[in-house]
Amino acid sequence: MKSLLSYPSRQVFGQRGSRSGGGAAPCLMLERVVDYCWLVEEAVSSAMGLLGWPWGRRGPSGFGARSTAEEVTAGVDATNLTAIVTGATNGIGKETARVLALRGAEVIIPARTLESGLKVKESLVDQVPSSKLHVMEMDMSSLSSVRNFARSFNSSHKHLNILMYAPPSLKH
Ligand SMILES: NC(=O)c1ccc[n+]([C@@H]2O[C@H](COP(=O)([O-])OP(=O)(O)OC[C@H]3O[C@@H](n4cnc5c(N)ncnc54)[C@H](OP(=O)(O)O)[C@@H]3O)[C@@H](O)[C@H]2O)c1
């Protein structure tokens, strides 16, 4: 979605005040009309997008709120990619980890306890036997735990391609 501030009349007409002579006033008026039309068009298209969102209306990418991770990644080869997916022991993070593994990525699952991480790993391997999953300990509510995780990740992996932050609500 284009920003309301990115409308292009400056590109069409040049900078304000850069013109001189008697033709400036009509040109300025025309510029304002174009600005106004552009803003109306942007506002209408934003509103249409928001109205369509709850019903899963597809956007310009061809996907919408009801598109699944499998649909969105169909045909993607992620075999050379390394991903960290937070919140992957449950919910949207777990589904993200499953589909990245399905596409061949090596997926790191930071879990609050190794026990919960290994449990989800077992369940994901059942669904995607070719999964390359690693469980590491991390509690996102503790900065020292996050630092420890980052240190171990850096010492065991050469690169990180995808960081999926499926955040828990950090109030708990
Ligand atoms: N589900 C959806 O369809 C959906 C859609 C749009 C947006 N979201 C947003 O996505 C986020 C996750 O939603 P969800 O439904 O997937 O939630 P969820 O099922 O409750 O999962 C939360 C995940 O975060 C982990 N977690 C919680 N506190 C943690 C901490 N301190 N350190 C590390 N991990 C921690 C949990 O691990 P434990 O197993 O240790 O508890 C669990 O894996 C929320 O912010 C939600 O608003 C969800």
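## Overall organisation

Among contacts in the protein between residues at least 6 apart in sequence, 62% join residues at least 24 apart. This picture comes from a predicted model, in which the secondary structure amounts to six helices and four strands. Read from the N terminus on, the elements follow the order α-α-α-β-α-β-α-β-α-β. Of the 172 residues in the protein, 17% are buried.

Helix H5 covers residues 114-127, which makes 14 residues, and the distance from its first C-alpha to its last is 20 Å, close to the 20 Å expected at 1.5 Å a residue. Within this helix, Gly117, Val120, Lys121 and Leu124 are buried. When H5 is seen down its axis, these buried residues fall within an arc of 110°, and therefore they line one face of the helix.

On the other side of H5, the residues Glu115, Glu122, Ser123 and Asp126 are exposed.

## How H4 and H5 meet

The axes of H4 and H5 come within 10 Å and cross at roughly 45°. Angles from 35 to 65 degrees fall between roughly parallel and roughly perpendicular, so H4 and H5 are oblique to each other. Their crossing is right-handed.

The residues that bring the two helices together can be named on each side: Lys94, Ala97, Arg98 and Ala101 in H4 meet Val120, Leu124 and Gln127 in H5. Val120 and Leu124 are also among the buried residues of H5.

## Helix H6, in the open

Helix H6 takes in residues 143-156, and its 14 residues should span 20 Å at 1.5 Å a residue, which agrees with the 20 Å between its end C-alpha atoms. How many of the 14 residues of H6 are buried? The number is one, so H6 lies largely in the open.

Asp139 is found in the loop between S3 and H6.

Leaving aside residues up to four places away in sequence, Asp139 touches Arg112 and Ser145. The C-alpha atoms of Asp139 and Pro110 are separated by 8.0 Å, although these two residues are 29 residues apart along the chain.

Key
Residues numbered from 1 in each chain as written. Predicted model: local features only at pLDDT ≥ 70, side-chain atom pairs only at ≥ 80, totals over all residues. Expected span 1.5 Å × (residues − 1). Buried ≥ 20, exposed ≤ 12 C-beta atoms within 10 Å, placed from the backbone. Arc of directions from axis to C-beta. Contact = placed C-beta atoms within 7 Å. Axes fitted to C-alpha atoms, helices over the stretch in contact; angles between N-to-C directions. Parallel < 35°, antiparallel > 145°, perpendicular 65-115°, else oblique. Left-handed = near helix turned anticlockwise from the far one by under 90°.
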